[in-house]
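Why does a residue or a pair of rings get the label it gets?

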Amino acid sequence: MTDEQNNQKKTNQFTIMKDDPIDGHPGYSGGAGAFSLENMSPVVVDPNEDRVFVDMGAMHARSEVEKRIKFVADKEEVPNGKPYWIVWVTVEQSEVGPYYHGVAACFLEVDREARRGYKILAEHVNRMDKSLKGRIVLEHMDDHSKALLRDFLKDFNEQYWELASDELKEVLA
């Protein structure tokens with residue numbers, strides 16, 4: 001790769017926009033086409049260790065679970081993988097207060113010894129989008145992982161949980 005190609009690659013990276021840095025700029029129509037991820041947090045569910053934690057590194061596929069792992073799209077290439085979930089949780093503000101608005105989970109498997117993992121990147125992007133739009137996408141999670149997630153969300157902020165949709169509470173019941 002030439003230096004010019006390398007520099008081109010570096011400048012074409014995705015940038016998360018905080019607030020509205022283009023507000024009032026005549027070349028943009030009110031920030032159309034831009035969105036904010038500042039109300040979204042990636043929550044990692046590790047059913048093997050009964051552990052749930054927020055890991056902001058997952059926003060760029062650099063969570064504790066994903067670091068130093070080569071991911072492949074063929075599950076057969078990771079026969080000794082351990083299951084994990086990255087759950088995209090979006091919080092919104094209502095007239096009553098903040099609440100869990102969208103919650104969407106993505107599956108991945110990691111074989112730490114082999115430094116191999118299985119995940120479908122497009123699924124992660126699509127689930128992030130669904131979470132931002134207030135959708136609940138958790139039906140594919142196993143019951144144990146759902147229980148871990150439910151307990152974490154309740155403990156993290158009881159008010160967010162109380163104001164969350166009945167759909168979220170039913171899916172995680």
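Q: Why is R127 called buried?
A: This is a predicted model. In it, R127 has a relative accessible area of 16%. Buried means under 20%, so R127 counts as buried.

Q: Where is R127, and which residues does R127 touch?
A: R127 sits in helix α2, residues 121-132. Leaving aside residues up to four places away in sequence, R127 touches W88, A104, A105, C106, V137 and H140.

Q: What makes D143 exposed?
A: Its relative accessible area is 62%. D143 lies in helix α3.

Q: How far apart are the C-alpha atoms of D143 and L172?
A: They are separated by 8.3 Å. Along the chain, the two residues are 29 residues apart.

Q: How many aromatic pairs does a search of the whole structure find?
A: The search finds 3.

Q: Why is the pair Y100 and Y160 called edge-to-face?
A: Start with distance. The ring centres are 5.4 Å apart, and rings pair within 6.5 Å. Now the angle. The planes stand at 90 degrees, and edge-to-face needs over 60. Therefore the pair is edge-to-face.

Q: Which parts of the chain does this pair link?
A: It links distant parts: Y100 is in strand β5 (residues 98-111), and Y160 is in helix α4 (residues 158-163). The two are 60 residues apart.

Q: How do you know whether Y100 and Y160 are buried or exposed?
A: Compare each value with the cut-off for buried, under 20%. Y100 has a relative accessible area of 2%, so Y100 is buried. Y160 has 18%, so Y160 is buried.

Q: Why is the pair F152 and F156 called stacked?
A: The ring centres are 5.8 Å apart, and the planes are at 25 degrees. Stacked means under 30 degrees, so this pair is stacked.

Q: What separates F152 and F156 in helix α3?
A: About one helical turn, because they are 4 residues apart in this helix, residues 143-156. F152 has 19% relative accessibility, so F152 counts as buried.

Q: What makes K119 a charge over the ring of F71?
A: K119 lies over the face of F71, at 4.6 Å from the ring centre. The distance limit is within 6 Å.

Q: How do you know that β1 and β2 pair?
A: Count the bridges. Strand β1 (residues 40-46) and strand β2 (residues 51-54) share 4 bridges in the antiparallel sense. Pairing needs at least two. Within this pairing, V44 stands opposite F53 in β2.

Q: What do β1 and β2 form?
A: They form a hairpin, with 4 residues between them. In the turn, D50 has a positive phi of about 50 degrees.

Q: Which residues have the most contacts inside the largest nonpolar core?
A: They are V87, Y100, V103, L138, L149, L153 and L168, in a core of 25 residues. β1, β4 (82-93), β5, α3 and α4 each supply at least two residues of this core. A second, separate core has 14 residues, including V44, I86, V110 and M128.

Q: Why might nonpolar side chains be found together?
A: In soluble globular proteins, they tend to be buried together.

Q: Where does pLDDT stay under 50?
A: Over residues 6-35. The protein chain averages a pLDDT of 83, and 79% of the residues score at least 70.

How values were computed: Residues are numbered from 1 along each chain as its sequence is written. This is a predicted model: local features need pLDDT of at least 70, side-chain atom pairs count only at pLDDT 80 or more; totals for chains, interfaces and linings use all residues. Side-chain values use heavy atoms; hydrogens and water are left out. Rings of Phe, Tyr and Trp (its six-membered ring) pair if their centres lie within 6.5 Å; planes under 30 degrees apart count as stacked, over 60 as edge-to-face and the rest as tilted. Buried means under 20% relative accessible area, exposed over 50%, partly exposed in between (1.4 Å probe, protein chains only). A charge sits over a ring if NZ of Lys or CZ of Arg is within 6 Å of the ring centre and within 35 degrees of the ring normal. pLDDT is the predictor's confidence in each residue, from 0 to 100. Contact means heavy atoms within 4.5 Å. A nonpolar core is a set of buried Ala, Val, Leu, Ile, Met, Phe, Trp, Tyr and Cys residues joined through side-chain atoms within 4.5 Å.
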